[in-house]
Amino acid sequence: MGDPALSRRGFLAASAAAGLGMTALTACGGDSDGGSSGTTTIEWWNISTTQPAKSVWAALARKYEAQNPKVKIKIVQLENDAYKSKMTALTSSGKLPDIFHTWGGGVLKQQVDAGLVEDLTDSTKPWADALLPVAREPYLIDDRAYGVPFDIGMIGFWYNKALFKKAGISAPPTTWSGFLDAVRGLKSAGVTPLALAGKEKWPGMYYWAYLAMRAAGAEALQKAYDDKDFTGAPFLEAGEHLKELVGLQPFQKGFLGAAYSSPTGQAATVGNGKAAMELMGQWAPVVQADAGKGLGKDLGFFPFPAVEGGKGAITEVFGGGGGHALRRGAPQEAVDFLKFFASEATDLELVKKTGVLPVVPAAESAIADPNIKAVQGQLKKATGFQLYLDQAYAPAVGQEVNDSVAGLISGSKSPEQVAQSITKTAKEEQ
Amino acid sequence: MTSTFLPDQRTGPGAGLPPQAADRARGRARRRALNWLTAAGFQLPALVLFMGLVLLPMLFALYAAFFRWGGFGMPSDYIGGENFTRLFQDEVFLGDLWRCLVLVVLSLAVQLPFALAMAVLLNQRMRGRAVYRMLFFAPYVLSEAITGVKFGMIFAPDDGFADQFLGRIGLDGLGGEWFADPSTVMATLFLVMTWKYFGFHMMLYLAGLQAVPRELTEAALIDGAGPWQRFRNVTLPLLAPTLRISVFLAVIGSIQLFDLVWVTTAGGPDHHSETMAVTMFQYGFKRYQVGYASAISVVMFGISLVFALTYQRFVLRRDLEGATTTMRGDGK
């Protein structure tokens with residue numbers, strides 16, 4: 001009888017030892033001989049889990065360590081959704097990593113309001129002012145900077161030049177009525193004008209958000225959220241314009257059930273030449289080529305058209321990017337690392353190797369793709385900026401926008417009902 | 001095994017017995033106490049886990065349902081029953097209840113009879129019987145997520161297998177937008193559900209059928225009963241316990257349906273295939289209105305509980321005799 005007990009104890013001891021060993025090993029990977037030799041270890045949490053970004057970023061950290069022998073950088077990489085839920089837990093526990101990925105907007109504000117984020121306005125001023133202004137927007141809260149960008153992008157129309165030619169459309173439309181004409185033209189040429197992922201809802205929201213921006217100006221969406229009132233005339237007008245578009249039945253067959261990046265989804269429909277346009281961010285070409293065949297030279301980009309009589313200009317941008325923020329009280333070395341990461345040398349490498357859009361104007365030269373250049377051109381001359389609504393708004397309000405706009409597109413909601421249900425949710429939230 | 005842990009009712013420790021017997025009784029009492037202790041020791045880890053991971057979260061959800069709470073920190077904004085009144089004015093949630101009822105009725109009226117028919121068929125002597133059984137059971141083994149993704153592709157409008165196949169055999173009129181059309185989404189979903197789950201019920205029935213004694217069917221045959229009469233008056237009554245369990249599982253499964261819907265339609269188009277669990281997920285994990293989501297889960301739990309108790313009390317009474325109706329396993 002003694003033997004099994006012994007072996008059980010032995011097993012327990014072994015697993016305990018293994019556990020300790022693991023802890024010791026991971027500790028070695030981190031701050032090995034921390035304070036004694038004057039080495040500072042910085043924890044850097046990011047979401048670059050896919051190649052090539054993963055190894056490029058790791059190499060950059062090693063490069064920084066080589067330049068600064070007293071600093072060790074411990075990288076923690078989490079996949080997008082896992083990162084979001086982990087950060088939710090960390091935020092409520094009140095302890096954030098030294099350097100962490102942020103999209104800015106409402107989530108960052110929540111963390112700032114909780115007193116967890118370092119104000120970078122003064123410590124980064126000497127070099128951060130040189131970054132692309134539009135890229136810094138998402139991290140400005142009450143005119144104070146809480147983050148430094150490494151990527152920026154925007155939503156616009158990606159179109160198939162060959163199909164436009166087939167329908168006899170010589171130049172991309174710049175006004176809403178011109179856009180509707182183009183849709184009619186494409187339809188009568190037997191081409192599906194637009195692809196939309198109705199199942200996922202957020203791609204539909206882009207139309208409404210842009211139309212509201214064009215009707216009321218770039219500031220309007222944030223103001224309506226702060227005032228908890230989306231029932232103003234421009235928002236109803238945005239709904240009416242979207243309804244006009246939906247009335248033309250411009251979307252692919254079965255769009256209400258379509259996903260975005262699946263092999264039968266929105267991106268693949270455009271990438272396989274089965275629809276002429278999609279309203280999507282700067283990542284669209286990559287996904288089109290990944291989920292479908294990709295359009296190559298036939299792919300073009302144009303900004304969301306202006307709405308006649310609207311206050312918003314065609315140069316106002318709806319978009320967002322990625323950046324880094326620091327926990328409150330992070331060591332000076334963390335600020336130095338942000339400076340290193342936003343330097344021209346680093347940005348050139350990021351643009352060249354990982355395909356992000358430059359945040360350092362001088363790194364523009366590294367862009368090879370003409371479409372990405374076109375997006376960059378729009379961003380550079382941007383006269384206004386609105387962050388993606390799911391990051392700018394509290395989650396419940398962002399989701400309600402997606403949901404009620406989806407209702408408008410599928411025909412179950414009127415523009416008034418959309419405005420009212422978003423207003424109702426916005427009021428409930430605060 | 002279990003009997004050693006049960007206190008022996010017939011003999012109190014050493015009561016009214018000769019001295020040696022009293023000693024023996026005391027010894028027994030000590031052993032019994034030791035047994036209790038050992039049992040408690042073994043159960044403690046499981047009890048702690050059950051309390052910590054099942055019971056407490058459930059009680060906490062009940063508590064959170066009375067608050068406006070975003071999931072950060074502790075709930076503090078007490079709003080009484082407001083989440084529940086909001087719930088029963090929420091068109092989506094009322095729709096969820098209706099769709100739940102539709103799925104339950106369809107399951108009971110279509111899926112289970114179909115499974116029963118297949119079970120009876122595959123209980124006959126026939127060539128390749130084992131292969132058919134395995135094939136029909138295979139979908140149940142597949143994960144819901146894989147099933148969802150696969151049928152998403154099959155029912156893709158135009159390009160999907162379903163539309164292509166119907167087109168090839170000249171029935172393109174039957175094709176359509178499947179999951180993408182509000183008027184066909186529930187039927188399509190039910191089709192996939194049936195494909196996925198009928199094999200499981202079929203297996204239950206097959207096991208039940210095999211427990212039906214051949215002598216009884218033979219006796220009925222000798223008495224001149226036809227095939228239908230033999231099925232109706234001999235097989236079916238003997239299969240009843242299995243049927244009752246299968247109905248129970250099908251109803252509870254329909255009330256809690258989530259993964260298949262989430263992967264195929266995410267509740268769309270425009271909420272036309274949303275279930276209570278999907279709505280709860282939307283509010284809890286997308287909108288961070290955790291208080292409201294808790295209220296939904298409480299209602300879901302309530303519906304399941306009321307159904308389960310009523311069903312056990314009135315329908316499963318004979319099958320569960322002794323297990324839940326009394327605490328002691330004496331079978332009376």
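Colleague: Which residues does B:Leu239 touch, not counting residues up to four places away in sequence?

Modeller: Two residues are in contact if their C-beta atoms, placed from the backbone, lie within 7 Å. B:Leu239 touches B:Tyr205, B:Gly208, B:Leu209 and B:Val212. This is a predicted model, where local features need pLDDT of at least 70, side-chain atom pairs count only at pLDDT 80 or more, and totals for chains, interfaces and linings use all residues. Residues are numbered from 1 along each chain as its sequence is written, with chains lettered from A and ligands numbered from 1 in the order in which they are written.

Colleague: Where in chain B is B:Leu239 found?

Modeller: B:Leu239 lies in helix α9, residues 227–255; helices (H or I, at least four residues) and strands (E, at least two) are DSSP runs, numbered from the N terminus. B:Ala207 is 32 residues away from B:Leu239 in sequence, with 9.5 Å between their C-alpha atoms.

Colleague: Is B:Leu239 buried or exposed?

Modeller: A residue is buried if 20 or more other C-beta atoms lie within 10 Å of its own, exposed if 12 or fewer, and partly exposed in between. B:Leu239 is buried because 21 other C-beta atoms lie within 10 Å.

Colleague: What are the domains of chain A?

Modeller: Domain bounds come from an automatic or database domain assignment. For chain A it gives domain 1 (36–154 + 320–384) and domain 2 (156–318 + 389–429). In chain A, 20 residues of domain 1 are in contact with 18 residues of domain 2. On the domain 1 side of that contact, α16(A) supplies the largest share, six residues.
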